[in-house]
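Please look over the sequence and the model before reading on.

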Amino acid sequence: AILDHARELLDFDRPIALSLIALMHFITDDEDPYGLTRTLVDQLPSGSYLVLSHGTTDEHPELADSVTDTYKKGRVPLRMRRREEVERFFEGLELVDPGLVTATHWYKDTPAPEGELSGFYVAVARVP
Ligand SMILES: C[S@@+](CC[C@H](N)C(=O)[O-])C[C@H]1O[C@@H](n2cnc3c(N)ncnc32)[C@H](O)[C@@H]1O
């Protein structure tokens, strides 16, 4: 349905940016987050980009339970993922600089702040 609607608005003969920002951690494993992403990416022409950020507690393991429990109380399932689990969203794609990094390291021309921890991974990848 998303793709049908997108085809009414977008020219699929030209590169498209697919933005999955702060979204996929709301898709639990049984909802097939990788399959859903693949379904969307597979429709994109070569030269398109996937932009994805994803919640993680890799750098804040002590907060993992309280964050997930807080969302659960609001009836929002939250599935934080570890680095290698976030990497899987980009399988078959070409990561652009600086690769998969935490949000605080998403600095192209200036150095990241020292010692700053993050609850998000971010990356941009090109569809070959
Ligand atoms: C933190 S917001 C990010 C919104 C937008 N991507 C942005 O960066 O501004 C999270 C979004 O995920 C959506 N969302 C939460 N659970 C979802 C689900 N199971 N399926 C689809 N969207 C969901 C919410 O409605 C909300 O718009």
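Which residue's side chain meets that of Arg83 in a salt bridge? The partner is Glu87, with N and O 3.4 Å apart. A salt bridge here means a side-chain nitrogen of Lys or Arg within 4 Å of a carboxyl oxygen of Asp or Glu. Arg83 and Glu87 are four residues apart in helix α4 (residues 83–87), so about one helical turn separates them.

This is a predicted model, in which local features need pLDDT of at least 70 and side-chain atom pairs count only at pLDDT 80 or more, while totals for chains, interfaces and linings use all residues. Residues are numbered from 1 along each chain as its sequence is written, and side-chain values use heavy atoms, with hydrogens and water left out.

**The chain**

The chain has four helices and five strands. Their order from the N terminus is α-β-α-β-α-α-β-β-β. Helices (H or I, at least four residues) and strands (E, at least two) are DSSP runs, numbered from the N terminus. The C-alpha trace spans about 45 × 40 × 20 Å along its principal axes.

Of the 128 residues, 35% are buried. Buried means under 20% relative accessible area, exposed over 50%, and partly exposed in between (1.4 Å probe, protein chains only). The chain's accessible surface is about 8100 Å², and carbon and sulfur atoms hold 53% of it. Accessible areas come from the Shrake-Rupley method with a 1.4 Å probe; for residues, only the protein chains shown count as cover.

**Salt bridges**

The whole structure holds eight salt bridges. Three of them are listed here.

| Salt bridge | N to O distance | Relative accessible area |
|---|---|---|
| Glu85 and Arg79 | 2.9 Å | Glu85 22%, Arg79 22% |
| Arg83 and Glu87 | 3.4 Å | Arg83 31%, Glu87 38% |
| Glu84 and Arg82 | 3.9 Å | Glu84 48%, Arg82 49% |

Glu87 counts as partly exposed because its relative accessible area is 38%. Salt bridges that share partners also build one network, made of Asp29, Arg79, Arg81 and Glu85.

**His54**

Is His54 buried or exposed? His54 has a relative accessible area of 0%, so it counts as buried. His54 sits in strand β2 (residues 49–55). Its side chain makes a polar contact of 3.0 Å with the side chain of Arg81. A polar contact is a pair of N or O atoms within 3.5 Å; within protein, one must be able to donate a hydrogen and the other to accept it, and residues adjacent in sequence count only if both atoms are side-chain atoms. Leaving out residues up to four places away in sequence, His54 touches Met24, His25, Arg79, Met80, Arg81, Val86, Phe89, Gly119, Phe120 and Tyr121.

**The ligand**

Which residues lie around the ligand? They are Ile21, Ala22, Leu23, Phe26 and Ile27, each with a heavy atom within 4 Å of it. Taken alone, the ligand exposes 590 Å², and the protein buries 36% of that. By class, the shell has five nonpolar, no polar and no charged residues. Nonpolar covers Ala, Val, Leu, Ile, Met, Phe, Trp, Tyr, Cys and Pro; charged covers Asp, Glu, Lys and Arg; the others, Gly among them, are polar. A backbone N or O atom of Ile21 lies 2.8 Å from a nitrogen atom of the ligand.

Note on methods
Contact = heavy atoms within 4.5 Å.
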